[in-house]
Amino acid sequence: MKERGSFGSKLGIVLATAGSAVGLGNVWRFPYMTGENGGAAFILVYIVCILLLGIPGMIGEFVVGRYAQTNAARAYDILSRGKPWKLVGYLGILTGTIILGFYAVVAGWCLEYLLASIAGQLQGDAEAVKNYFATFSSNPLKPVIWGVAFILVTHVVVIFGVRKGIERASKWLMPILLILLLVLVVASCLLPNAMEGVRFLFEPDFSKVNRRVFLDALGQAFFSLSLGTACLCTYASYFSKTTNLLRSAGQIALLDTVIAILSGLMIFPAAFSVGVNPDSGPSLIFITLPNVFQQAFGGFPFAGYLISVMFYALLVFAALTSTISMHEIGTAFFTEEFHLPRMKSAWIPTFIASVLCVFCSLSVGAYDIQVLGLPLMDFCDMLTADYMLPLGGFFTCMFVGWYIPKKIVHTEFTNEGQFNHRFFNTYLFAVRYVCPIAIMLVFLHQLGVI
Ligand code: TRP
């Protein structure tokens, strides 16, 4: 059998996996969720979710993937001893591909906005910017083309393989992303009245904490860490046997959370500075922000221009390292299970996600395509973030906590006894009890049972 790919260095492992984690979830979804759920109170609940559920869940997927060194479905199967746990792997592959489909729609918008901002088309008054989005999104062709183009770019990176494609792209894109973000945070915080935005982000208003906040925070934590879709399991299958799983999970979660909060620090001070409502939902980055850039830097049109180009470049780069990881879940599966070369197998997720992307894109634009009363795009978001990710995470925790022989989990967690012994029991307690119970509680709460 041909040798499998693997990441070439520790830095490569952290950057590629953090590249998967850091995406539109951080730069786009996190700020608007925070805006809708009352600011700092949401962030606190979110951080608790990352610590109690996110990190143990990540390690759970790492254990399965690194032990099995194969694609998600086979990895769960190898450890199942004849029981149908491989379904969890299949669920992950399906979820990852659905997410790729609708995620590419927004990624495609970012691409359009990057080009439009480079061409200087996002200038004009508030009404013009609003019209730009309305005209663009209701066009039956343009958003569809950008969405599919984004999937094709992802496809090209993925066919280069783990080291030359995924790792190399992450090593370039992640540092650029961090620099862009820092520049934008500084620019935003220097605006007049910026402190109001900072206060919104860091002063909790507990009256806003209700049922919905917990569910949103949990869904967001899973989405942001790329958890529950076997994505981390797939990446972990390319880790080296010497990688410290606990430390890597901690580093990646930290980087992901810091970037999410920095994104808030980029968006809210600018929005408050020009008196824009922070809870304007998904349209925040496509309608509100282009306006903010112009008003905030009104006296310096070139600064406004540069900032908006940088902002949309940031979004495109963040999205790309994430779509690569969603694509890889399917590509690894089809390559290994169907014995196809990567060049061919990569077309399968590309095709499925592109079809979904076309319909999702049309459902929020030119045509009214609804499922259960929601546009197809929102339905896919809800289905995955509220149901499929928590379920994938729940089963992974049960699998790692209760089903896989404890010895295997111990070997992977401590790298055959080299480190992390002290935390092993705490870890086991978290995956056995804390994670599954918390996920179930949030689930039942959502269904109105408790
Ligand atoms: N974590 C990414 C983000 O925050 C999205 C993502 C990438 C993802 N891979 C995933 C989400 C797998 C769920 C599953 O944007």
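Select F334 to start. Is F334 buried or exposed? F334 is buried, because its relative accessible area is 13% and the cut-off for buried is under 20%. Keep in mind that this is a predicted model.

Now find the helix around F334. The residue sits in helix α14, which covers residues 301-337. Next, show what F334 touches. Set aside its neighbours within four places in sequence, and F334 is in contact with H339, L340, S345, I348 and P349. F222 and F334 are 112 residues apart in sequence. From C-alpha to C-alpha, the two are 25 Å apart in space.

**On to the charged pairs**

Side chains of opposite charge can pair when their charged atoms come close. How many salt bridges does a search of the whole structure find? The search finds 8.

Select R29 and D381. These two residues form a salt bridge, and their closest N and O atoms are 3.1 Å apart. The pair links distant parts of the chain. R29 is in helix α2 (residues 24-36), while D381 is in helix α17 (residues 376-403). The partners are 352 residues apart. Look at how R29 is placed: it is buried, with a relative accessible area of 6%.

Move to E112 and K142. Their side chains meet in a salt bridge, 3.7 Å from N to O. This pair also links distant parts of the chain. Find E112 in helix α5 (residues 86-118) and K142 in helix α7 (residues 142-159). The two are 30 residues apart. E112 is buried, at 4% relative accessible area. K142 is partly exposed, at 38%.

Next, select E167 and K171. Which helix holds E167 and K171? Both lie in helix α8, residues 162-189. They are 4 residues apart, about one turn of the helix. The two form a salt bridge, with the closest N and O atoms 3.6 Å apart. Check the surface again. E167 is buried, with a relative accessible area of 3%. K171 counts as partly exposed, at 36% relative accessibility.

For the last stop, select R66, K241 and E412 together. What joins R66, K241 and E412 into one network? Salt bridges that share partners do.

Terms used: Residues numbered from 1 in each chain as written. Predicted model: local features only at pLDDT ≥ 70, side-chain atom pairs only at ≥ 80, totals over all residues. Heavy atoms only, no water. Salt bridge = Lys/Arg side-chain N within 4 Å of Asp/Glu carboxyl O. Buried < 20%, exposed > 50% of the residue type's maximum accessible area, 1.4 Å probe, protein only. Contact = heavy atoms within 4.5 Å.
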